[in-house]
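Please keep the sequence and the structure in view while reading.

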Amino acid sequence: MITIKGLSKIFHTKDQDVRAVDDLSLNINKGEIYGVIGYSGAGKSTFIRLLNRLEDPTEGSILVDEQELTSLSKGKLRLARQEIGMIFQHFNLLWSRTVHDNIAFPLEIAGVSKAERQKRVDELIELVGLKGRGGSYPSQLSGGQKQRVGIARALANNPKVLLCDEATSALDPETTDSILDLLVDINEKLGLTIVLITHEMHVIRKICHQVAVMEEGKVVEKGEVLDVFLHPKKPVTKKFVDQVMGDPEKETSLQLIKDNYQSGEIIRLHFVGESTNQALISDLSRKFEVDVNILHGKITQTQKGAYGTMFVQFDGDRTEVQRAIEYIESTSVEVEVNPHV
Amino acid sequence: MFNQWFPNVRMEDMITATNETLYMTLVSVAGTFVLGLLLGLLLYLTGPGGLWANKTLNWITASVVNIFRAIPFIILILLLFPFTDFLLGTIRGPQAALPALIIGGAPFYARLVEIALKEVDKGVVEAAKSMGAKYSTIIFKVLLPESMPALISGITVTAIALIGYTAVAGAIGSGGLGDFAYFYGFQRSNFDVVFICTILIILIVFIFQFIGDAISRKLDKR
């Protein structure tokens with residue numbers, strides 16, 4: 001859907017040239033939710049603004065649905081932009097217009113007739129769950145509701161791509177989750193390709209299929225969200241993963257667990273996105289004569305299933321414990337006996 | 001009672017003078033609004049980071065605005081005599097004051113327009129761009145509506161300045177309350193006339209301010 005090749009953006013300032021985006025190449029498939037994560041200053045904001053040419057790239061090419069964006073004339077670019085919706089951190093609604101008229105604005109730009117606008121706006125208000133609020137002004141809405149208006153507005157012209165510029169960064173955690181749910185819902189219902197940038201790994205974990213990690217204008221790591229969670233290669237990626245998972249080895253140190261639980265075996269289980277083995281613990285206690293004692297851990301859900309690490313203690317007859325471990329090894333859950341500190 | 005306190009005040013003269021002041025004010029406010037809006041938009045759009053960012057054009061516009069704002073109004077009227085004469089065929093009466101009023105008021109209002117437009121959230125303009133809006137759409141459907149309360153407060157402030165200017169224009173015989181207060185009041189030592197003219201001007205100022213505030217408040221949905 002989107003093919004980006006050798007994309008660079010250089011800002012010339014008085015003292016120096018800043019390479020905000022540096023020789024960046026990415027492939028984003030149709031219907032995918034693609035997350036770009038990075039700390040502030042990593043260039044992710046510039047990157048997403050290049051995708052609809054709010055910033056003009058210094059070099060490189062951007063292909064959206066077979067159309068080369070970088071070479072478009074102003075008039076053609078305006079038409080292309082109608083097929084790329086965008087939502088913003090601070091919503092950027094027109095305060096002088098009602099919810100209804102805000103959502104109608106892109107339709108006015110696209111030259112849709114009044115009757116059709118009316119119909120489409122009503123559909124969109126329904127879709128984002130704001131029924132009955134059409135006549136309100138943005139100042140009368142909460143942050144979450146404002147972002148819903150932003151989403152409805154971005155979807156008005158049936159875009160192929162939705163760009164989300166830190167869309168949940170100004171919202172509280174609960175509202176963030178409801179907006180993310182809405183985005184997933186839209187992604188599944190409309191098959192819309194979504195590109196989002198964020199500094200919160202939580203957002204990536206919750207809704208993205210693919211993730212790219214940006215640092216100093218470059219993509220330093222990319223891939224399926226689960227793979228990146230599982231085997232983060234770069235230090236910056238590890239930091240982001242720890243943001244969501246905590247660092248189990250550092251937390252409540254392993255040594256403490258070993259000191260407190262001397263009998264049996266300490267076992268580390270690593271869940272890697274399989275939904276079939278989620279009943280593993282009850283399975284074990286049913287099939288084998290072992291006591292399973294949960295000591296420490298965190299499991300979280302991604303779009304591709306559960307992911308996380310758990311420390312358990314197996315107590316009981318040695319051969320029975322051994323059989324239980326062999327059983328786990330036959331599943332997709334990774335297991336490590338007596339892990340090192 | 002009234003005749004005893006204000007022996008020299010004749011009602012029909014007062015009404016004529018008030019009408020002339022209102023006429024000069026209303027027409028010059030309308031003219032100033034249009035011309036000031038154009039100049040203000042030009043200042044904003046050609047300014048740094050504007051939609052038509054253009055250093056030369058911005059410098060020229062800013063210079064014109066600054067020069068006309070720098071000239072004291074009484075001198076501006078005198079300087080514009082040839083222009084007014086060419087345009088209207090006379091340099092006396094309420095109509096003859098209009099070119100000077102508008103040319104004096106518009107640059108002042110243009111700066112207020114520029115400030116009002118600068119207050120419009122850049123993000124909203126960016127959002128409109130991301131939807132594929134043309135510049136004209138951005139100007140008429142984003143910039144102007146979003147800055148409307150400030151544009152209205154600005155024209156209210158300008159209108160009150162213009163009411164003051166109409167009185168100054170009286171010095172060259174434009175008619176109106178200022179003219180009347182000076183020639184029939186002050187020069188003939190009829191201070192009751194000066195007093196009543198002052199009261200009437202204050203009243204007009206209050207009414208303009210009240211209407212301006214009411215409209216601005218009604219439009220502001222923030």
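## Sheets, core and chain contact

In chain A, 4 strands form an open antiparallel sheet in the order E2-E1-E4-E5. Strand E2 (17–28) and strand E5 (67–68) of chain A lie at its edges with a single partner strand each, so one side of each has no neighbour in the sheet. The model is predicted: local features need pLDDT of at least 70, side-chain atom pairs count only at pLDDT 80 or more, and totals for chains, interfaces and linings use all residues. Residues are numbered from 1 along each chain as its sequence is written, while chains are lettered from A and ligands numbered from 1 in the order in which they are written.

Helices (H or I, at least four residues) and strands (E, at least two) are DSSP runs, numbered from the N terminus. Two strands pair if DSSP finds at least two bridges between them.

| Strands | Sense | Bridges | Facing residues |
|---|---|---|---|
| E11(A) (residues 265–272) and E13(A) (residues 305–316) | antiparallel | 8 bridges | Val272(A) and Tyr307(A) |

Nonpolar side chains tend to be buried together in soluble globular proteins. A nonpolar core is here a set of buried Ala, Val, Leu, Ile, Met, Phe, Trp, Tyr and Cys residues joined through C-beta atoms within 7 Å. A residue is buried if 20 or more other C-beta atoms, placed from the backbone, lie within 10 Å of its own. The largest such core has 144 residues, and those that touch the most other members are Ile103(A), Ala152(A), Leu163(A), Ile194(A), Val195(A) and Leu101(B). At least three residues come from each of domain 1 (2–244) and domain 2 (254–337) of chain A, the bounds being taken from an automatic or database domain assignment. Leaving aside residues up to four places away in sequence, Ile103(A) touches residues including Val121(A), Leu124(A) and Ala152(A).

Contact between residues requires C-beta atoms, placed from the backbone, within 7 Å of each other. Where the chains meet, 18 residues of chain B and 18 residues of chain A take part. On the side of chain B, helix H7 (122–130) and helix H8 (135–169) each give two or more residues, and H7(B) supplies the largest share, 6 residues.

Terms used. Two residues are in contact if their C-beta atoms, placed from the backbone, lie within 7 Å. A residue is buried if 20 or more other C-beta atoms lie within 10 Å of its own, exposed if 12 or fewer, and partly exposed in between; C-beta atoms are placed from the backbone.
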